[in-house]
Amino acid sequence: MATESKHADSPVEEQVVNPWMVQSKTAIDYMKLIERFGCDPITPALLKRFEKVTRMRVHPWLRRGIFFSQKDLENILNEYEAGHTVYLYTGRGPSSEAMHLGHMIPFMFTKYLQDAFDAVLVIQLSDDEKYSFKGRSEGKRLEEYNRLSYENSRDIIACGFNPDKTFIFSNLKTVGGELYENTVKIMTTTGNQIKGIYGLTLDNTVGQLAWPAFQCAPAYSNSFSDILHPDGPYEVNKYDASKVYTGRHMFCLVPMAIDQDPYFRMARDFAARFKKDGFIKPATIHTKFLVALGGINAKMSSTGAAATDTTIYMTNDLKKIRKTIMKHAFSGGQDTLELHRKLGGDLDTDVAYQYLMYFEPDDDRLREIAHKYRSGKMTSGEIKEIMADVVCEVVRKHQEARDKLTDEDVCKFFTRDRKFDLKHSDRPPLELHTDSVYEGYGINFDPTFGAEPPMPAEEDSKVDTKLAEASALL
Ligand code: TRP
């Protein structure tokens, strides 16, 4: 990945995951990341509690262990259960004209979280970040990244966010007031701490070194007290009428891809240091990366020459997407049909199957596909066709929603001076499953549904002879 930043992780390490680089020769070891980042896995017990508190079925991506890691999610559930409103914060670095399918995962999931907690959501579009990190190598002006913020916001809004509960902002145009006050407080972090957390060095620009404070600041509710705490209490300055919120903070949950976690480790450290001022540690929830069409060891990328024809952009023509999938999706099938029937497909490496885990929500259908493909009854051409159908339908719906958006619709999301809907309504209690059902959720989820390879031919004949011997005895 092209980047101007210097980072401490050396590319010879077998696995590098940080905000600037995701690289691994083999499939990413997510359990190792949980350990290294000091996060906690999403367990069956947590998912049961999630359903109990939100009174909604958990999202398939929770059930299937795609959102697999978290920190202090329990605090959010406790707070919400006690009747308090919580808010959500996520973001996007607008570095490309169009967003690809991998970019959409955190936003599609955030839409579910907004419904589950009936929560206000703030979305930071970090045009300033992308200028600092990519401006020179991409030869783009600051204004260009700002333009991309609005461009990308259409793809984000098309996920279905509630306009009365969502504020989207260009960071470049918005920092100021209490958001900036928090940023300045976070900048009490030393250069050595920044180096330690992100691997940045004195060769990085001041903009790059300062960026982490800007990404952390929206994780504290007083950064948006006009939106989240409209009724105060406030201290008002008698000269310029500027306001500072002095009340209890609202809990914040940040959904994101796991590579963004370093920022929120810093955000949590800061909250601990400034606890006496009312700051609360943000809770986090992390997704794995959607694999690139080319194979299981990379996240989908929008940079590099190969990216243009192997990446599924949300703006792509559906026919092109189908062609791209049929041509480029890495197959876990065997080289010849004869071998495939004999050995079956490999579910762990098959890209079509990985995508179906994301985009085919029906477990019964997925189970059937897993069994047919693993046993060699379904060919890799057939599973790719299924993937193309499912993915094209997701993209088609998305395009339909985006095409419907008017400029006024988009404008509303960026408008701050309005009343946001802070109340959350109660759903009727949900009947929970038995514990044995939850036992197979989250980190325990079996992505293969117990599918077995076909029985080797010799075994078959052994069974046949045994059967023959057995019946001869009768
Ligand atoms: N740094 C993220 C990126 O490069 C964008 C971002 C800004 C973000 N604020 C965030 C991501 C909060 C997750 C949560 O894409």
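The model is predicted, so local features need pLDDT of at least 70, side-chain atom pairs count only at pLDDT 80 or more, and totals for chains, interfaces and linings use all residues. Residues are numbered from 1 along each chain as its sequence is written, and side-chain values use heavy atoms, with hydrogens and water left out.

**Around the ligand**

- The ligand is surrounded by 14 residues, where a residue counts as near if one of its heavy atoms lies within 4 Å.
- The closest of them are Gln 124, Glu 129, Lys 130, Gln 215 and Gln 260.
- Lys 130 has a polar side-chain atom 2.9 Å from an oxygen atom of the ligand.
- On its own the ligand has 370 Å² of accessible area, and the protein covers 90% of that; such areas come from the Shrake-Rupley method with a 1.4 Å probe.
- β5 (87-92), α6 (127-138) and β10 (252-257) each give the shell at least two residues; here helices (H or I, at least four residues) and strands (E, at least two) are DSSP runs, numbered from the N terminus.
- The largest share of the shell, four residues, comes from β5.
- By class, the shell has four nonpolar, seven polar and three charged residues; Ala, Val, Leu, Ile, Met, Phe, Trp, Tyr, Cys and Pro count as nonpolar, Asp, Glu, Lys and Arg as charged, and the others, Gly among them, as polar.

**Helices that pack together**

- Helix α11 (residues 206-216) packs against helix α13 (residues 261-273) at about 70 degrees, with axes 9 Å apart; axes are lines fitted to C-alpha atoms over the stretch in contact, and angles run from 0 to 180 degrees between N-to-C directions.
- That angle makes α11 roughly perpendicular to α13, a label for 65 to 115 degrees.
- Their contact (heavy atoms within 4.5 Å) includes Trp 211 and Gln 215 of α11 and Tyr 263 and Phe 264 of α13.
- The residues of this contact are eight nonpolar, one polar and no charged.
- The axes of helix α7 (residues 142-157) and helix α20 (residues 407-414) come within 11 Å and cross at roughly 95 degrees, which makes α7 roughly perpendicular to α20.
- Among the residues in contact are Tyr 150 and Arg 154 of α7, with Asp 407 and Phe 413 of α20.
- This contact has five nonpolar, one polar and two charged residues.

**Backbone details**

- Gly 232 and Pro 233 are joined by a cis peptide bond, with omega about 10 degrees.
- Pro 233 sits in the loop between α12 (225-228) and β8 (234-236).
- Arg 55 is not a glycine, yet has a positive phi of about 55 degrees.
- The loop between α2 (44-54) and α3 (60-63) holds Arg 55.

Note on methods: Polar contact = N/O pair within 3.5 Å; in protein donor to acceptor, adjacent residues only side chain to side chain. Parallel < 35°, antiparallel > 145°, perpendicular 65-115°, else oblique.
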